[in-house]
Amino acid sequence: MSYDERGTWVYLVTSAGAYLVYLAIILGRVVSTPIAHVSYVAVLLRTTGASIVASTVGRTLVQTVAPGDRRSDVRDKEISRFGEYASRWFVVAGSAAGFAMALARWEYFWTANVIYLGFVLWAVAGSVVKLAAYQRGL
Amino acid sequence: MTNSIRALRFARGEMTQAQLAEHVGVTRQTIIAIEQGRYSPSLEMAFQIAAVFGVPLEQVFQHPASDAQVR
């Protein structure tokens with residue numbers, strides 16, 4: 001497994017994991033608070049930050065435990081471009097939905113979470129596409 | 001597209017995938033992917049691989065369509 005492929009696994013796990021933690025915290029607060037009034041900003045920012053830190057630490061740990069060639073060659077770059085290209089529509093959809101919600105004056109909670117979900121799906125879908133390309137070819 | 005890289009490596013003093021990767025400037029995983037047919041190299045990389053073995057490109061890579069005769 002190449003350095004970039006292992007990094008993609010780490011990124012997939014930390015991105016999905018951070019979002020699931022965020023979701024669990026928010027849904028826990030819905031029990032006592034109307035969902036549109038749930039305090040979500042701090043949780044969103046902290047889980048996003050934790051995801052970035054976990055991804056960096058995880059990648060370093062994986063390279064330490066199972067050291068390998070750290071170069072990114074032409075195949076790694078092609079797979080990375082392919083994954084980003086295939087998953088870009090999630091960001092577009094999330095942004096478009098958030099834009100429509102803002103125009104319709106929906107609660108900030110829904111607008112922010114739809115855009116955030118778009119980014120999460122972009123990260124997760126992009127990682128899955130890249131890993132499939134590594135395993136099965138482009 | 002199929003290739004004869006594995007056979008050519010063994011015919012060249014049992015060259016390892018890592019050694020071939022070093023010559024071509026890619027990672028060992030890329031050489032593995034090429035040998036297993038999971039990655040088609042660029043034309044430039046294909047020529048570099050053929051040059052490592054000192055054989056024509058056609059002896060390294062084969063494409064079924066190229067066997068078809070032009071009528």
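In which helix of chain A is A:Ala133 found? A:Ala133 is found in helix α4 of chain A, where helices (H or I, at least four residues) and strands (E, at least two) are DSSP runs numbered from the N terminus. The model is a predicted one, in which local features need pLDDT of at least 70, side-chain atom pairs count only at pLDDT 80 or more, and totals for chains, interfaces and linings use all residues. Residues are numbered from 1 along each chain as its sequence is written, while chains are lettered from A and ligands numbered from 1 in the order in which they are written.

Chain A contains 4 helices and 0 strands, in the order α-α-α-α from the N terminus on. Its C-alpha atoms occupy a box of roughly 50 × 30 × 20 Å along the principal axes. Of its 138 residues, 23% count as buried; a residue is buried if 20 or more other C-beta atoms lie within 10 Å of its own, exposed if 12 or fewer, and partly exposed in between, with C-beta atoms placed from the backbone. Contacts are defined by C-beta atoms, placed from the backbone, that lie within 7 Å. Among contacts in chain A between residues at least 6 apart in sequence, 78% join residues at least 24 apart.

Helix α1 of chain A covers residues 3-30. The end C-alpha atoms of this helix are 41 Å apart, which agrees with the 40 Å that its 28 residues should span at 1.5 Å a residue; the expected span is 1.5 Å times one less than the number of residues. The buried residues of α1(A) are A:Tyr3, A:Asp4, A:Gly7, A:Thr8, A:Val10, A:Tyr11, A:Thr14, A:Ser15, A:Ala18, A:Tyr19 and A:Tyr22. An α-helix has 3.6 residues a turn, so residues three or four places apart point the same way. The cover over the buried residues of α1(A) includes α2 (41-65), α3 (74-103) and α4 (108-136) of chain A.

Within α4 of chain A, A:Ala133 is buried, with 22 other C-beta atoms within 10 Å. Residues up to four places away in sequence not being counted, A:Ala133 touches A:Ile79, A:Phe82, A:Gly83 and A:Leu138. The C-alpha atoms of A:Ala133 and A:Glu5 are separated by 9.9 Å, although the two residues are 128 residues apart along the chain. In the loop between α3 and α4 of chain A lies A:Arg105, which has a positive phi of about 60° although it is not a glycine. A:Arg105 is exposed, with 8 other C-beta atoms within 10 Å.

Chain B has 5 helices and 2 strands, and its elements run β-α-α-α-α-α-β from the N terminus on. The C-alpha atoms of chain B fill a box of roughly 40 × 20 × 20 Å along the principal axes. Buried residues make up 23% of this chain. Of the contacts in chain B with a separation of 6 or more, 51% are between residues 24 or more positions apart.

Helix α2 (residues 17-24) and helix α3 (residues 28-35) of chain B pack at an angle of about 105°, with their axes 8 Å apart. Axes are lines fitted to C-alpha atoms, for helices over the stretch in contact, and angles run from 0 to 180 degrees between N-to-C directions. The angle makes α2(B) roughly perpendicular to α3(B), the class for 65 to 115 degrees; angles under 35 count as roughly parallel, over 145 as roughly antiparallel and the rest as oblique. In this contact, B:Gln17, B:Ala18, B:Leu20 and B:Ala21 of α2(B) meet B:Arg28, B:Thr30, B:Ile31 and B:Ile32 of α3(B).

B:Glu14 lies in the loop between α1 (5-11) and α2 of chain B. Its phi is near 55°, a positive value in a residue other than glycine, and B:Glu14 is exposed, with 8 other C-beta atoms within 10 Å. In helix α4 (residues 43-53) of chain B, B:Ala50 is partly exposed, with 18 other C-beta atoms within 10 Å. Apart from neighbours within four places in sequence, B:Ala50 is in contact with B:Val55, B:Pro56, B:Leu57 and B:Val60.

Between the chains, 10 residues of chain A are in contact with 9 residues of chain B.

Terms used
Contact = placed C-beta atoms within 7 Å.
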